[in-house]
Amino acid sequence: MTSRHHGMQVVTLCISTTMVLILLGLVVLSVLTARNLSTYVRENMAINLVLGDTVSIDDGSALVKELQAQPYAREVKYISQEEALAVMTEKLGADPVEFAGVNPFQAEIEVHMQEAYANTDSLRSISERLMKDNRVTDVAYQADLIDDVNRNIQRISLILLALSVLLLIVSYALISNSVRLGVYSRRFTIHTMKLVGAKWSLIRRPFLRRSIIIGLVASLLACVILSGIVYSIYRYQPGVTELITRRDVIITGIAVLVFGLVFMLVCTLFSVNKFLRMTAGELYKI
């Protein structure tokens, strides 16, 4: 009966630890995804340079090469008048030349920014320098959108950080309580071993060994379930692979494994030490 009861405690502790680690893994994955989303949005912000009518294709190509050498440029694309006309014709569903008589669009250069330069101050400074180039007649970028994106990213980061800290505290409390209950049921065994002269390190050893096994099993189960969740997301939203990369999944798995083992070991160590310090009278009172 005692062995069955002990086995049920181990199973319950393993299940509860797995559930906590799944929640923890989801938060870690969310933090990494938010970081990737921030990078994706920033790197897709672009400055559009409108070229003058007298600027030839060769001059435009030369300017593209100059911009590609700049530290703020991640990707530079030349858009000719014909390409701009074709894009707008497709969007409008009609050819603007039929109404205007001429191609109303000018050649442009689209500069996608490096993440570090995707902020209002850097874009303003870059735009001012580019406007001094005689080949450029106008520089356009969405300043309001950039401010909104940066502001929202900061809010999301703070929320996820607060949630991570809160979940770490709750996770530790839940796992600690579960471990303490398991050790509590064997408190008299601990006291008996003390009476026969067993060293504290010897008494702790089986509890720590069990905690490592439970932590490892719970971590692996959590990783399997999290992998299934990520696979389901990949299956139904293939484009999300740019936000949830294989590297992020591996980091999440390592984090879950480390947290699972560390939490179990620390909680077990504290719980066993607590009962080791108690006298026989204190054990009967609790």
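Author: This is a predicted model. Helix α8 provides three residues of a nonpolar surface patch, which is the largest share.

Reader: What makes L23, L26, I225, I229 and I233 a nonpolar patch on the surface?

Author: Membership requires over 30% relative accessible area, no salt bridge, and nonpolar side chains joined within 5 Å. L23, L26, I225, I229 and I233 form such a patch, with about 360 Å² of accessible area together. Helices α1 (2–43) and α8 each supply at least two of its residues; I225, for instance, is placed in α8.

Reader: Why is α8 called roughly antiparallel to α9?

Author: Helix α8 (residues 200–236) packs against helix α9 (residues 246–276) at an angle of about 155°, and their axes are 8 Å apart. Angles over 145 degrees count as roughly antiparallel, and therefore the term applies to α8 and α9. Their crossing is right-handed. The contact between α8 and α9 comprises 21 nonpolar, eight polar and two charged residues.

Reader: How do you know that D248 and R35 meet in a salt bridge?

Author: The N to O distance between the side chains of D248 and R35 is 3.6 Å. The criterion is a side-chain nitrogen of Lys or Arg within 4 Å of a carboxyl oxygen of Asp or Glu, so the pair qualifies. Because D248 belongs to helix α9 and R35 to helix α1, the pair ties together parts that are 213 residues apart in sequence.

Reader: How many salt bridges does the structure hold?

Author: The structure holds four.

Key. Residues are numbered from 1 along each chain as its sequence is written. This is a predicted model: local features need pLDDT of at least 70, side-chain atom pairs count only at pLDDT 80 or more; totals for chains, interfaces and linings use all residues. Side-chain values use heavy atoms; hydrogens and water are left out. Axes are lines fitted to C-alpha atoms, for helices over the stretch in contact, and angles run from 0 to 180 degrees between N-to-C directions. Helices (H or I, at least four residues) and strands (E, at least two) are DSSP runs, numbered from the N terminus. Angles under 35 degrees count as roughly parallel, over 145 as roughly antiparallel, 65 to 115 as roughly perpendicular and the rest as oblique. A crossing is left-handed if the near helix is turned anticlockwise from the far one by less than a right angle, and right-handed if clockwise. Ala, Val, Leu, Ile, Met, Phe, Trp, Tyr, Cys and Pro count as nonpolar, Asp, Glu, Lys and Arg as charged, and the others, Gly among them, as polar. Patches are made of residues with over 30% relative accessible area and no salt bridge: like charges are joined within 9 Å, nonpolar side chains (Val, Leu, Ile, Met, Phe, Trp, Tyr) within 5 Å. Accessible areas come from the Shrake-Rupley method with a 1.4 Å probe; for residues, only the protein chains shown count as cover.
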